[in-house]
Amino acid sequence: MNSAARRIGRTLALVLPVVLVLSGTLAVTRVPWASTATDSQVLTASAGKASTKAGPSAPEDALRKRLLVELQEKDPGVALTHLQEATTKRPSLAKHCVSIARDLGRAAVAKYGAAHRAQAFSRPVCDTSFATGVAAAQ
């Protein structure tokens with residue numbers, strides 16, 4: 001009886017972490033803001049009317065500017081929290097979350113002057129794109 005319980009325990013100890021890692025990996029690949037290359041759209045110069053006036057900025061550009069200012073005034077952790085809240089409130093911003101988080105990572109390195117200090121604020125927002133921006137700024 002004791003050896004059977006031990007054998008079952010060992011089997012679970014080996015199999016359970018593998019199952020958890022695989023299920024977590026599969027869950028992350030299915031996030032709604034992960035875009036594929038086929039989803040992107042390229043516009044040519046002749047695709048639309050040329051305008052001499054600057055129109056209102058897109059919501060993602062306004063969010064990016066606001067978060068970059070917030071990062072400079074406070075810290076990257078606050079900006080990342082507000083990025084997550086904004087993408088939760090407005091799912092249409094989720095497709096821009098990766099690029100905004102990457103820009104925040106680069107700005108954090110510029111602010112602190114060292115990647116390890118900026119990396120301390122890293123969170124799993126937008127598939128860890130903040131960490132990618134920090135690494136790219138080195």
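## Aromatic pair

In this predicted model, a search of the whole structure finds 1 aromatic pair. The pair is formed by Tyr112 and Phe121, and it is stacked, with 5.4 Å centre to centre and 15° between the planes. The angle counts as stacked because it is under 30 degrees.

The two partners fall on either side of the 20% limit for buried residues. Tyr112 has a relative accessible area of 19%, so it is buried. Phe121 has a relative accessible area of 23%, so it is partly exposed.

## Nonpolar core

The largest nonpolar core has 22 residues. Those with the most contacts inside this core are Leu63, Leu67, Leu83 and Leu104. Helices α2, α3, α4, α5 (115–119) and α6 each supply at least two of the core residues. Helix α4 gives the most, with 8 residues.

In soluble globular proteins, nonpolar side chains tend to be buried together.

Leu63 lies in helix α2. Its relative accessibility is 5%, so Leu63 counts as buried. Not counting residues up to four places away in sequence, Leu63 touches Leu83, Ala86, Leu93 and Ile100. One of these, Leu93, is 30 residues from Leu63 along the chain, and the C-alpha atoms of the two are separated by 9.0 Å.

Leu67 is another of the residues with the most contacts inside the core. Leaving aside neighbours within four places in sequence, Leu67 is in contact with Ala79, His82, Leu83, Ile100 and Leu104.

## Helix α3

Helix α3 covers residues 76–89, which is 14 residues. At 1.5 Å a residue, α3 should span 20 Å, and its end C-alpha atoms are 20 Å apart, so the two values agree.

At the N-terminal end, α3 is capped by Asp75. A side-chain oxygen of Asp75 lies 2.7 Å from the backbone nitrogen of Gly77. Gly77 is itself buried, as are Pro76, Ala79, Leu80, Leu83, Ala86 and Thr87 in α3.

Which helices do the buried residues of α3 pack against? They pack against α2 (59–73), α4 (97–112) and α6 (129–136).

How values were computed:
Residues numbered from 1 in each chain as written. Predicted model: local features only at pLDDT ≥ 70, side-chain atom pairs only at ≥ 80, totals over all residues. Heavy atoms only, no water. Helix = DSSP H or I, 4+ residues; strand = E, 2+ residues; numbered from the N terminus. Expected span 1.5 Å × (residues − 1). Buried < 20%, exposed > 50% of the residue type's maximum accessible area, 1.4 Å probe, protein only. Contact = heavy atoms within 4.5 Å. Polar contact = N/O pair within 3.5 Å; in protein donor to acceptor, adjacent residues only side chain to side chain. Core = buried A, V, L, I, M, F, W, Y, C linked by side-chain atoms within 4.5 Å. Phe/Tyr/Trp six-rings, centres within 6.5 Å; stacked < 30°, edge-to-face > 60°.
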